[in-house]
Amino acid sequence: FFFKQKTAYEIRNCDWSSDVCSSDLKYPVLILFDPHGDSRFAIEKYKSAADKFEFILLSTDAIKNGINSEMAAHVMQTILASVATQLPVNPTRVYVGGFSGGARYAAMLAMSGSGIQGLMVAGAGFPLDSWKELSPSVIIAAANDGDMNLPEIFSLDQIKNAEQRGRLLTFRDAGIHEWPSADKMEEMLAIFTAYGLRDSIETDQSKLDSVLSTYHHLEEKQYCKASMIYQSLFYERAIKSLTGLSNVSTYKSNYLKINSSSDFIAAKQSEVKLIAEEGQIKNQYYAAMGTKDTSWWNLEMNELNSSIKNEKNILKQSQLMRIRNGLSLMCYMNLSKTMNANSYQDAYYLAVLYRNIDPENAESWFLSAVMEARTQNKSKAIYFLQKAIDVGFKERQRVNQTPEFNSLLGEPSFQDLINRIPN
C-alpha cells in the first residue's frame, strides 16, 4: 500500500499498540485491482494523486484474471478486514477500483453490501441491476475510444434513477484498453473527495480547495481538448461534483455551449450509428472464427489494420480499433484455453489469428513461442520470442518460469534473447 512516502514507511513498520500510531487521524483508502495481479503498477502510477488528496492506496497480487469468484470474494473480504484493523482508515470512506478484469472484481465487491462508498471502473462497465439505491454512493466509469469495452460505458445511459445519474460520472479519451492516466486519477480522487464533502463523511473543509484547484488546473491544461465529447463530459463531471460546494455557473455555461453546438450534436449522432454498426461487424467476425482459414484472416486483418492506420475520421478510426481489440482479446482468451487443454490444432489456428489481428501485441508472439517450444520446434519458438521482444515484451522472469522453454536453454540464440529482456 502507499500513503505519502514518509507515512507509508511509518505505517508499514508501526506497532499499532504504541503511542506513535495512536493518532486520531483517519484517511480515505482506495483499493485497486489489476487484471494481471500487478499490485505495484497502479500504486506507483497514482501515488502523486494520492498524496494530493491524502488517500491510502492499497492493492494485491492475489486478485487477477482467471481466479474464481469464491476465491476472489475471500481475498477481497480479507483485505477489507485488514484495512479496518491495520490501517488508519475512515470506515465511511472506503473506495474500490480497477481496470478491465480488475474493474469487474471491484464492481463485485462494491455491489456486495460491504460498505464501499465509491467505485471506479476503467475499461469495463458494471451490472446496472446490481446498483441498488445509493450503494456505492458514487461511481466513476472510464473507457478510451479505442477500448473494446467502450459500448459497456454507453450502456450506462440506461440508468433511469435521477439521483443515481447524478452520482455516475463518466470519462472518455483517445487511446486503447489501459489504466487511466495520472491526470484522470487526480480528477477521480477529487470527485470522491467532493462527494465525501457533500455527504458529510469528509469533515475537513480545506479539502475543497484541493478539489477546486484540480478542476482549475485540468481546465487550464485542457487535458480534454482533443474532443468536444471529452470536453462535454469534463464539464458535466465538474457540475455534478461541485454542485452545492461551489459556484458552477461557468462550468454550466461552457457545458451548454458545447452541447448545443451543431458539431457536437453531429458527432454524437455519428457515434450512435457507429456503435450500432460495430456490433454487426463484430458478430460477423465472431462467426468467421473456426470457419474461415488463416489465409482469409490474414487478408482481412491486413485490410482492417490498414484502415485503422489511414482512417481520417477519428470516430470511425476508434470504432475499427475497438473491433480489432475485441478480436484480439477473444483470441487471447481462447488461445490460452486451448493451450491449457493441449488442443494443438485449435491452438495453432488461434495463434495465427492472434498474430494477424494484433501484430503489435507482444502477447500474441509470446504465446506463439510457448506453443512452438511445447512441440519442440526450437527455431520457430526463438523467432516468435524475438518478435515478442521487438514489440515490447519485458517479462524476463516469466520466460524463466515457463517450463516449455527449458528445452531451449542450450541454444546460444535463446540465451542472447533472454539477455535482451529487462529484469
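This report describes aromatic contacts and charges over rings in a predicted model. Local features need pLDDT of at least 70 and side-chain atom pairs count only at pLDDT 80 or more, while totals for chains, interfaces and linings use all residues. Residues are numbered from 1 along each chain as its sequence is written, and side-chain values use heavy atoms, with hydrogens and water left out.

Rings of Phe, Tyr and Trp (for Trp, its six-membered ring) pair if their centres lie within 6.5 Å, and the planes count as stacked under 30 degrees apart, as edge-to-face over 60, and as tilted for the rest. By this rule the count comes to 19 aromatic pairs. One of them joins Phe 99 and Trp 179, a tilted pair with 5.8 Å centre to centre and 40° between the planes. This pair links distant parts of the chain, 80 residues apart, since Phe 99 lies in strand 3 (residues 89-99) and Trp 179 in the loop between strand 6 (168-173) and helix 7 (182-198); helices (H or I, at least four residues) and strands (E, at least two) are DSSP runs, numbered from the N terminus. Phe 99 is buried, with a relative accessible area of 7%, and Trp 179 is buried as well, at 8%, where buried means under 20% relative accessible area, exposed over 50%, and partly exposed in between (1.4 Å probe, protein chains only). Elsewhere, Tyr 215, Tyr 223, Phe 234, Tyr 235 and Tyr 251 form one aromatic cluster.

A charge sits over a ring if NZ of Lys or CZ of Arg is within 6 Å of the ring centre and within 35 degrees of the ring normal.

| Charged end | Ring | Distance from ring centre |
|---|---|---|
| Arg 237 | Phe 171 | 3.7 Å |
| Lys 387 | Trp 365 | 5.0 Å |
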